[in-house]
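The following note sets out points on the interface of the model under review.

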Amino acid sequence: MKTAAERQCRRLLEQLSRYIDGDLTAVERKAVAAHLRRCPCCRTMADSLKHTVELCHEAGAARLPADVTRRARARIASLLASDRSGRSRT
Amino acid sequence: MPATVTKQAHANPGVSRAGSRDTDYAALLRAAQAGNQAAMERLLMKSQEIAYRFSLLVCGHADDADDAMQEALLKTYRHAAQIKDPGAFRTWLYRTVKNACLISRRRRVGEPARLHSLDGDSLSLDGVSQPLELEDPGRRPDQVLENTRLRRALDRALLSLPPESRLIVFLREVEGLSTRDVAAVVGISEANVKTRLHRARLSLRERLEAP
């Protein structure tokens, strides 16, 4: 049998992603924030989940390796040049 | 796409530093359709960057990346002029990259071009994969090292997710698509995206926290 506190933690866990994404109503957001202030375990969980999300964001902001970028640029130049030469023949 | 280059209307339409998160694809497409060659080149570069990240993070096969990048490049170049709604371009681009990556994998290993065919134990980071370089070159060496470790851990954690969850995390978290756009690319409801994303985040967190 779960205690009321455990049920509250469980409910918070379900709402955590929406909390991080700013996808809760004002009332829900306040309730989650209040619970996080009271419950160190859920606070650790929230911080950790937020960190995971931030790490994914960083992966999206990363540069491609230099040789991959060089090959990509060369492909574009080749495509545009072949298109231009094709048009000039017609 | 018309090859004629007209005078550039914007210096850097849809410009962003790296990644896809801050790029205004609609602005980039409009400029490219108006004949801005710089915008077209940026669009073509973006499509290849997305294909590379997709190959690495969703498919887990960086050796397929060149084929997928070539396919994404050609499709973007051929079809960019025909897209009537620039606002819909971004979802089109991600669907195109997804298909390009799946087709290149099928060609290589003779697999059917379905996402779940990429699932399972066969997925691994192959020996030739190169980690994406972190954007901030000003970081201290120990920070760079720690970030590289975290990046590799993230790559492994991503590949441990079921394919559809991996795709959702990639689109939403790595590429920064809205929930609505993720739903459009994957072909499920927004509510479903949110549920799966939450589960996937919990699973990623658990793997990243594991000793």
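1. In this predicted model, 13 residue pairs are in polar contact between chain A and chain B, both residues of each pair being at pLDDT 80 or more. The side of chain A that touches chain B draws at least two residues from each of α1 (4-20), α3 (40-60) and α4 (66-89). Of these helices, α4(A) gives the largest share, with 14 residues.

2. By residue type, the side of chain A that touches chain B consists of 18 nonpolar, twelve charged and six polar residues. Four salt bridges are counted between the two chains, A and B. One salt bridge joins the side chains of Asp23(A) and Lys194(B), with an N to O distance of 2.9 Å.

3. In terms of contacts, 36 residues of chain A meet 45 residues of chain B. The area buried between chain A and chain B is about 3,800 Å², and 61% of it lies on carbon and sulfur atoms. Within the area that chain A buries against chain B, Leu55(A), Arg63(A) and Arg75(A) supply 16%, more than any other three residues.

4. Regarding the fold, chain A contains four helices and zero strands, in the order α-α-α-α from the N terminus. Among its contacts between residues at least 6 apart in sequence, 45% link residues at least 24 apart.

5. Chain A exposes about 5,600 Å², of which carbon and sulfur atoms supply 55%.

Key: Residues numbered from 1 in each chain as written. Chains lettered and ligands numbered in written order. Predicted model: local features only at pLDDT ≥ 70, side-chain atom pairs only at ≥ 80, totals over all residues. Heavy atoms only, no water. Contact = heavy atoms within 4.5 Å. Buried area = accessible area lost by both parts, 1.4 Å probe. Polar contact = N/O pair within 3.5 Å; in protein donor to acceptor, adjacent residues only side chain to side chain. Nonpolar A, V, L, I, M, F, W, Y, C, P; charged D, E, K, R; others polar. Areas by Shrake-Rupley, 256 points an atom, 1.4 Å probe, with all protein chains shown as cover.
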